[in-house]
Amino acid sequence: MCVWAEGGRRYMVFEVFLKGTLFFPCEPDRGLVRVHELTPEKAGQLIWVRARIHTSRAKGKQCFLVLRQQQFNVQALVAVGERASKQMVKFAANINKESIVDVEAVVKKVEQTIESCSQQDVELHIERVGLSSALSDHTTDKQTDRHAHGGRTDGRATVNQDTRLDNRVIDLRTTTSQAIFRLQSGVCQLFRDTLTNKGFVEIQTPKIISAASEGGANVFTVSYFKTSAYLAQSPQLYKQMCICADFDKVFCVGPVFRAEDSNTHRHLTEFVGLDIELAFNYHYHEVIESITDTMVQIFKGLRDKFQTEIQTVGKQYPSEPFKFLEPTLRLEYSEGVAMLREAGVEMGDEEDLSTPNEKLLGRLVKEKYDTDFYVLDKYPLAVRPFYTMPDPNDKKYSNSYDMFMRGEEILSGAQRIHDAQLLTERAMHHNIDLEKIKSYIDSFRYGAPPHGGGGIGLERVCMLYLGLHNVRQTSMFPRDPKRLTP
Amino acid sequence: MSLKELSSLEKALGLKKPNKYSTQGDRKVPVLQTINGQALVGLVTIATHLVQEAKRPELLGGSAEHKAVVQQWLEYRVTKVDGCHKEDIKTILKDLNSYLEDKVYLAGNQFTLADTLMYYGIHHVIVDLAVQEKEKYMNMTRWFDHVQHYPSVRHHLPPVVVLRNRVYTSGHH
């Protein structure tokens, strides 16, 4: 049902149950102006806007509304006068928040900047207002109020994360959420564009697989007709098979499933993996350079084209802007260990970095080199998976690397073993059942070029780029050991 | 624990002949039998005696006021720091940190026994602090680093690394 208020009279409309037609003037080719286009240039124009009611405040003969459209909002005013009656003002004041309304109004320039809105130099003087999508009866005003406006620390009501995630649809309407996910879309876009320009081919890999790729512990099992199968923990196997199939440089964007019972700020059971694999000519550092250059292009693209989004997120979650160096800083693992020891941390040469040590190292690197993004090269062989190529010059180390943003790991990568014989040896050394990985080893028997790669998690990269603290904020409908809905 | 301190203190003071100590009670309070038959009981008592023996009275303070401040911190060490609970450690560090905001040494403008014994007393806490916590109690860390580099103070204790630059800026994280 659609109700109109216009001028001095209120139309009561009867819904005609003919598909799609409604019994009052509704011109389908009426132009709607986007809220972010409402600027002083349009002052004096009579325009139509469709937006949600963010807030409404009635005061005597006037009603102030804030209309919201994605990340933007604008102040609007209904005042008793020759264009509006008292009933119209009352009608406007009684429309539920979050309802979608169509408004015909004159754009007016304001002298005093409206700090609380994104459109700070104009306001709308409403002549007609119509309700085009109302809230259904059982939702309360309070519920939508809390979610769409909540979570701020500027004295307003805060809503805890679980509640927000349970009511994700309303939570995603907030200006901050809109900005976060637009930025995330940008990351995917930049990833694809940069790699395509470098001559990479996008591939799609299967997610239902017969053998666990990264080791049996953290894998989801699904029933597969009369047997069972697994959900892929990474596209590793298939990326490599594509290299063996002479695709040379490949990337894929797809879900990754990890059945890790970790309830931390940075783990999800399902996330989007952006994976790269490429064959190199002479040295695996070509792979590192390719990946770091891609990351730098992504950072630059975000910095140049998504400033509005970054600022919007920064209003609710302030953080320092993301810094990176060009060319990317690359330290060796032993250098990192030395820096940690200088700061008083005791650890062995071949010991893996614990999470607190990773964070401390990130701090030390930031302080010394002024960058939030760096690569740690030549990890000890003992702490890497069986398919990692050992360092030919020092058997304690390997041709593998991790990349960090703001002190947290975002990518684990390496040169892979491309010789079936060596691969078998390393697998036996790790006590892996050779039967389970027979087809993997076989793919290298037909001649494979030396290659390497790595994968990043989209949600984690967005979280760290924006300086947020929980990966659930950057995952639209997050999945973790305790959450399966929405 | 106190016995090790006392033998380090002897070395620090340059006393040639090490004394023999015994302990009494559950809390292992150190006891020293002096030549003339007297028994000195308690860390501070013995430490003060050693300082007199080594003819270094300045370590106990110059003026009466100065002496009183030294005694106050020695008492603080024995009553508050020794055998305190984990929850109280933070309070102690906070107290020290705010006290040392505008002072180089605990008592007056010179190195005293108070600095030595307080250093021995809180070392086991500081050695386990994370870099971020050490930065939080900036003044206390500064004083600690100063004392541990003092010649001949740090005998039986491993050095604690203190970074020269601030790694944690005022932002969160």
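Two strands count as paired here if DSSP finds at least two bridges between them, and strands are DSSP runs (E, at least two residues; helices are H or I, at least four), numbered from the N terminus. The model is predicted, so to speak of local features takes pLDDT of at least 70 and side-chain atom pairs count only at pLDDT 80 or more, while totals for chains, interfaces and linings use all residues. Residues are numbered from 1 along each chain as its sequence is written, chains are lettered from A in the order in which they are written, and side-chain values use heavy atoms, with hydrogens and water left out.

**View 1. An open sheet in chain A.** Eight strands with mixed pairing line up as β8-β12-β13-β18-β17-β16-β15-β14. β8 (201–202) and β14 (329–332) sit at the edges with a single partner strand each, so one side of each has no neighbour in the sheet. β14(A) runs parallel to β15 (residues 373–377), joined by four bridges. Look for A:Arg330 opposite A:Val375 in β15(A).

**View 2. Around A:Ser400 in strand β16.** This serine belongs to β16 (residues 400–405). A:Ser400 is buried, at 0% relative accessible area (buried is under 20%, exposed over 50%, partly exposed in between; 1.4 Å probe, protein chains only). Its side chain makes a 3.0 Å polar contact with that of A:Arg384, meaning a pair of N or O atoms within 3.5 Å, where within protein one must be able to donate a hydrogen and the other to accept it, and residues adjacent in sequence count only if both atoms are side-chain atoms.

**View 3. Salt bridges that span the chain.** A salt bridge is a side-chain nitrogen of Lys or Arg within 4 Å of a carboxyl oxygen of Asp or Glu. A:Arg173 and A:Glu98 form one, with the closest N and O atoms 2.5 Å apart. Both residues are in loops, A:Arg173 between α4 and α5 and A:Glu98 between α1 and β6, so the pair ties together parts 75 residues apart in sequence. A:Glu98 is buried at 1% relative accessibility. A:Asp162 and A:Arg483 also meet in a salt bridge (3.5 Å, N to O). A:Asp162 is partly exposed at 48%, whereas A:Arg483 is buried at 9%.

**View 4. Where chain A meets chain B.** Here 13 residues of chain A contact 11 of chain B (contact is heavy atoms within 4.5 Å). Helix α10 (residues 355–369) gives the most to chain A's side, with four residues.
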